[in-house]
Amino acid sequence: MPVMMYNTLTRKKEEFIPLEKDKVKMYVCGPTVYNYIHIGNARPAIVFDTVRRHLQYRGFDVKYVSNFTDVDDKLIRAANELGEEVPVIADRFINAYFEDTHALGCQKADVHPRVTENIELIIEFIEQLVEKGFAYESGGDVYYRTRQFDGYGKLSHQSIDELKVGARIGAGEKKDDALDFVLWKAAKEGEISWGSPWGEGRPGWHIECSAMARKYLGDSIDIHAGGQDLTFPHHENEIAQSEAVTGKPFARYWLHNGYINIDNEKMSKSLGNFVLVHDIIKEIDPQVLRFFMLSVHYRHPVNYNKELLDSSAAALGRLKIAYENLKHRKQSSTNLTNDDDQWLEKVNAHHDRFLAEMDDDFNTANAISVLFDLSKDANVYLLEQHTSVQVIDTFLSKYEDMFFVLGLTIQGEELLDEEIEDLIEQRNQARKDRNFTRADEIRDQLKELNIILEDTSQGIRWRRG
RNA sequence: GGCGGCAUAGCCAAGCGGUAAGGCCAAGGUCUGCAAAACCUUUACCACCGGUUCGAGUCCGGUUGCCGCCUCCA
C-alpha cells in the first residue's frame, strides 16, 4: 500500500515516492522563538510529527529537520521591551519549545538548526543568488529579483501579475519591484548584526530555510511542510531562492496544515484570544490536546474551545480504559481457545484499516475511529468467559502500535504504595463479610486519592481517575 | 480584484457516485450488593435551486452564508 499525500504544488493527492529508496528528507518550518508557542504553532508540530511517525512505521528512514528563527524583527522588539539580549530570549523560548512539544508527544527533529548558527552559510547562499543575477544590493539591503525566476507563483498558483495587484506599494522604496523580497537586512543602530559583503546586517526571513534545508538535507528534498499561511509568500520564496541557486527542484511534496480558530474566531493577538501551550497544559493533559488536534483532518480548519477539549478528554479516556482493562484481564487469561482465530483476525483487520487510513493522506480522524472500533471489540472480547493471553497480547500490541503512530502514550504498569494496597485488601475483606458500608467508605476514600476501584468477576481493578 | 477552502444529527467529525463511519452529550435497558467499566437499543429530509446519471452529501452550473491567503503570522 503506497502512502498518498496531498501536495499543494500539484493540488492533488499523490503517491509518495522518495528521491532515495526508503529514505525521507523532511523539512518543517519551525517557530520564531520570541514567545511560548501557541496552539496554532502546536498544530504543525503535532501533525507533521504524526506524518513522520507514520512514515517511520511504514519503514522509511526519516531525516527530519525543523528550524528555529532566532533573530528577526519580533525578537528584536521583544528584546527591546524586556531589556534583554536577543540570544537570551531565543534560548529561553527554544527551551520552552522543547518542553511544550515534548509534552505534546512530539519527537525531537534530527536537527534543529538556528539562523544565528548559520549566518555564514546564509551569506554564501545570498552571494550565489547575487552572482547568478537573482539578487541585488540596495542601500545595505539585498533583495531577490522575483521576476527573474520563471516559476514564481507555482506553489500558490498565482501568476506574478496577479500578485502584483495585491502587493503593497511603498513597502520598500529600496526595491526595484514591489514583489521583490529581502534576503539581507541592513542593521539599524544598535540592532544585533553580523558582518557581510553588504555591510552589517542580518538575514531576511525566507532565506534561512533555503540555506539550512540545503545544508542538512541536500539540494532536493522529499517533503517540505508548514502552516498553510506559509504557502505564500514564505514557501514560494524558498522555492525561488533554492531553485535559482541549485537549478534543481527544491521539494517534491509540499504539505500544509489548516488553521485553528478559537470559539470560531481567528486566533490573533489583537483579539487577545490566543492560547499558549505552556498555559493550557497546566489545566489539561497535553495528550488530550494532541488527540483533539488529530481528531480533525490536518488540512481542515479546527475550532478550539474548552468544551471540545472536554469531549476529547472523555473520548481518549475511553480508549485508554479499554487498553487498561485488557491489561488487567491478561493476568486471568489462559491459553488459546477455539474462538481465538476470529478475534485475531478482527484485531489484525483493524490494524490494517488503521494503516490504510493513515496511508490516505494521514487521515487521523478515520484512524482514530478505528481505535474506537478496536476498543469496542476489546470490550466485547472481555465479556467472554475465557480469554486467552495470545489474543490479549495481540490486542495490546496493536493498540501500542497505533498509539505510537499517533504519538499518544499509554501509561505503563504502575505500582501502588502499601497503604493503598492495604486499603484495597481491607475493602475486599469487607465485601466478603458483606459489610458494604465499610467497603463503600474505602472506595470513596481511595477516590479522594484519585484511585478508582472497579469490581469485576476477575477481581478488583483500579485506575487513576 | 486574483487564488483557495468550508456548509453533514444537540456538539465534534469522516465521507471522493450505490440509499449516511466514529466520538462526546442525552434517554431506556442489561450486568453489579451499590457503583464503575462495559454491552444492547434510540436520535440525520447531508445550506438552497437547477442539471448530469439507473443512482449524488459525493460530479457540473448557480444562489446564500462563513473562512483563509494575496502584508509579519502556524
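Predicted model: local features only at pLDDT ≥ 70, side-chain atom pairs only at ≥ 80, totals over all residues.

Modeller: Let's start with Trp184, which stands opposite Pro203 in β8. Trp184 also has a partner on another strand: within β7, Trp184 is the bridge partner of Val142. With β6 (residues 141–144), β7 (residues 181–186) pairs in the antiparallel sense, over 3 bridges. With β8, which covers residues 201–203, β7 again runs antiparallel, and 3 bridges join the two. So much for the sheet.

Now for where this piece sits in the chain. Chain A is divided into domain 1 (4–257), domain 2 (309–393) and domain 3 (418–464). Let's look at how domain 2 and domain 3 meet. Their C-alpha centres lie 27 Å apart, and 6 residues of domain 2 are in contact with 7 residues of domain 3. Between them, domain 2 and domain 3 bury about 550 Å², with 52% of that on carbon and sulfur atoms. On the domain 2 side, Ile321, Asn325 and His328 lose the most area to domain 3, and together they make up 68% of what that side buries.

Next, the RNA. There are 57 residues around RNA strand B, and the ones that come nearest are Trp205, Gly227, Arg318, Asn366 and Arg443.

Arg443 goes for a base instead, with a side-chain N or O atom 2.5 Å from a base oxygen of RNA strand B. With Arg463, the partner is a sugar or linking oxygen of RNA strand B, at 3.4 Å from a side-chain N or O atom.

As for which element does the most here, helix α12 (residues 364–381) gives the most to the surface near RNA strand B, with 8 residues. In make-up, the residues of that surface divide into 19 nonpolar, 20 polar and 18 charged.

How values were computed:
Residues numbered from 1 in each chain as written. Chains lettered and ligands numbered in written order. Heavy atoms only, no water. Near = heavy atom within 4 Å. Polar contact = N/O pair within 3.5 Å; in protein donor to acceptor, adjacent residues only side chain to side chain. Helix = DSSP H or I, 4+ residues; strand = E, 2+ residues; numbered from the N terminus. Nonpolar A, V, L, I, M, F, W, Y, C, P; charged D, E, K, R; others polar. Pairing = 2+ DSSP bridges. Domains from an automatic or database assignment. Contact = heavy atoms within 4.5 Å. Buried area = accessible area lost by both parts, 1.4 Å probe.
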